[in-house]
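Try each task before you peek at the solution.

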Amino acid sequence: MSARNAILKRLRERADGPLVAPECDFAVVTGRGWSPDERLARFERWITSVHGEVVHTTRDDWGDALARVLADKGVRRLALGREHPVAVEARLALANAEVELVDVDRDIEDWQQEQFERVDAGLTSVGGAIAETGSLWLWPTPDEPRLISLVPSIHVAVLDAETIEDTFFDVMERHDWARGMPTNALLISGPSKTADIEQTLAYGVHGPRELVVLVRHVDADTEESL
Amino acid sequence: MNAENQAFQPQPVQSYSPREFHRQAHDALGNPQIRGNFRKAMDGLMTKRRDSFEGWDLETLRELGANIRMRALAKLPDLLEQLETNCQANGIRVHWAEDGEEACRIIREICEAHDAKSVIKGKSMVSEEMHLNAHLEAAGIEALESDLGEYLVQLNEQTPSHIIMPAIHLNTDEISEILHEKTGTERTRDVDYMTAAARQQLRERFMAADVGVSGVNFAVAETGTLCLVENEGNGRMTTTVPPVHIAVTGIEKVVEHLRDVPPLYSLLTRSATGQHVTTYFNMINSPRKEGEYDGPKEVHLVLVDSGRSSIYQDNELLDTLRCIRCGACMNHCPVYTRVGGHAYGTTYPGPIGSILSPHMMGLEETRDLPTASSLCGACGEVCPVKIPIPDLLVRLRREAVGEGRGNVPGAGVKRTRKEAAAWKGFQWMATHPGVWRSGTAVVGKLKAIMPAKLGAWTEYRTAPKPAGRTLHALVKQHQADKPSVDTPDKEQR
């Protein structure tokens, strides 16, 4: 008998008989009822507590904010997508900046060394964020592949304030993740870190050393025109 | 102990065995550095855990965690099949292994099929349990650990001393010395410098690796999703950069629904290190699809039994399989804190190791582990999925002396005729009041001839002194005097 069938047979013919599955009440991980301001405040408090940086900007001006962040951090080469509105707007905003834009729509095998050694930062959109833990959630796409939020030293993520939800459970349920998951889904909560050397916290182990979240707010005048 | 005034040498390479628990514990107790390192770390972890649950209805959350795990176990064979079906539909190849040896062989064969010479590893306790690195190296395949703690332990030719913090037994100076000796970095106490050095060394290896091997924290049957919890990014690197990813896990790690994951993740990070969340929560569903530019082209899942299906047979022992490997039980264990992880001589140390290892290695090997506890109950109180660890320790003690159900490998190994007869005699005496009373009365009379030295007992303690009169006699006397008890001027009487 194959290992598979032998294992399943043992589990099915359990000596002490069949088991009863208990009911699970998920109330404790949902129903926070926070206001948008509370959500934003919690998100910011948690993500900055683990060395994430938050830059507040607006839907209209965020390109300038991005350029400033990149200039401040001395980013010369930025990896980013092409199709997502975030990438489209970023490319426009950075057209005259001193930043070289690195295309990511090519097989990693063709530019692995370049991505590891000669890209300073990666820019991505996010699906949204989680207030309770200060987490961003990402579903990488061919336009914004998995490694650009991991390999470059700086990860710049663009988050719309109104997409912050209360809990991880809420995000999963409201966006019906169980109906179809992507190749890779991620929660990112801060830059890479370790405490493996005598419990001393150090940032930037294998992943990014810095995580900058550009939080885009709806402009006051845009809001009025809606 | 002042750590800075000592000359540091990496600890000598040693191999540990659960058979030698007493000797290893004794050695560790006499090592002030080990004791200092663990005491400091465990105190910090206990405080952080407590703080991280502030404002939470912890009991309700633990109840939910326990119920989710229990539900998964109740449906285990069906969920494993569902997991397999959904993983396969997503393009993940699923393999089953009866034991560690078979799992090692499966992984080696996948490596060989790709002509792999170098494997990079994310943290996986199951791979430690089956000694995967040694197996691969014997086949000429280099296996390199990429979790910083695991990397340090591997450089020092040791095994992890904690399931979450593998290098917790080493302090900064020792780590500096290890990195200096093995990789040529400067001697320093600068943790950022050492971290950056390891980052540089390992980035080369991620790029060069032919295969990435990782563990799994939760495997979701409903969607065929493999979830990995980590802070460093090495887990994401391992599962994204090499062309082939092999995930290896125990069959009990499956959960039914995707929605089961958030509560367990919440419990896991807070119980383990007191973090409200880890840096990364990585959910893998498939290999690189057509049109995608990165990620492995092949993903394999190896499901390992290794004694788990035999634990599954027994209603009481079953609770062991609820474990989500947070390590809170060891962080709160007064025995673990004093003897450290290596003294146990097993892959899983501490209370969870003491109730898990006997099933994997048999009670012949692990006979002393269930007794490596004062039964203070702390492990059971902090367990995020409410495993009654103290009860299970007692159960395994009973199994070891042949007083249980006899369904644990090596049951009865500690049974001696003398001890069994002694307890039987005690039982008979204690249930026959007449015999008990005359017996204790005789002991009281003979106390003068009791020896002052009683072997190991009197090495650190004074010898017990039987009372001149038994409790029974005293109570009898007391009752005889009773009329006078309430008299206020009793003293003057």
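Two strands count as paired if DSSP finds at least two bridges between them. Strands are DSSP runs of E with at least two residues and helices are runs of H or I with at least four, both numbered from the N terminus. What you're looking at is a predicted model, where local features need pLDDT of at least 70, side-chain atom pairs count only at pLDDT 80 or more, and totals for chains, interfaces and linings use all residues. Residues are numbered from 1 along each chain as its sequence is written, and chains are lettered from A and ligands numbered from 1 in the order in which they are written.

**Exercise 1. Work out the strand order of the open sheet in chain B, and find its edges.**

Step 1: Trace the 6 strands; they go β1-β10-β7-β4-β2-β3, with parallel pairing.
Step 2: Zoom in on one pair: β4(B) (residues 211-214) and β7(B) (residues 244-250) run parallel over 4 bridges. There, B:Ser214 has B:Ala247 as its bridge partner in β7(B).
Step 3: Look at the ends. β1 (92-97) and β3 (142-145) of chain B each have a single partner strand, so one side of each has no neighbour in the sheet.

**Exercise 2. Do the tracing for the open sheet of chain A, then follow the chain from β2(A) to β3(A).**

Step 1: The 6 strands are ordered β1-β12-β7-β4-β2-β3, with parallel pairing.
Step 2: At the edges stand β1 (52-58) and β3 of chain A. β1(A) pairs in parallel with β12(A) (residues 210-217) over 7 bridges, and A:Val54 is the bridge partner of A:Val213 in β12(A).
Step 3: Now take β2(A) (residues 77-80) and β3(A) (residues 100-103), parallel strands joined by 4 bridges. A:Leu78 sits opposite A:Leu101 in β3(A).
Step 4: To get from β2(A) to β3(A), the chain passes through helix α4(A) (residues 85-93) in a right-handed β-α-β crossover (with the strands pointing away from the viewer, the path from the first strand over the helix to the second runs clockwise).

**Exercise 3. Describe how α3(B) packs on α12(B).**

Step 1: Axes are lines fitted to C-alpha atoms, for helices over the stretch in contact, and angles run from 0 to 180 degrees between N-to-C directions. For α3(B) (residues 58-74) and α12(B) (residues 261-273) the angle is about 120°, with the axes 9 Å apart.
Step 2: Angles under 35 degrees count as roughly parallel, over 145 as roughly antiparallel, 65 to 115 as roughly perpendicular and the rest as oblique. α3(B) and α12(B) are therefore oblique to each other.
Step 3: List the contact residues (C-beta atoms, placed from the backbone, within 7 Å). α3(B) brings B:Leu61, B:Leu64, B:Gly65 and B:Ile68, while α12(B) brings B:Pro263, B:Leu264, B:Ser266 and B:Leu267.

Definitions and conventions: Two residues are in contact if their C-beta atoms, placed from the backbone, lie within 7 Å.
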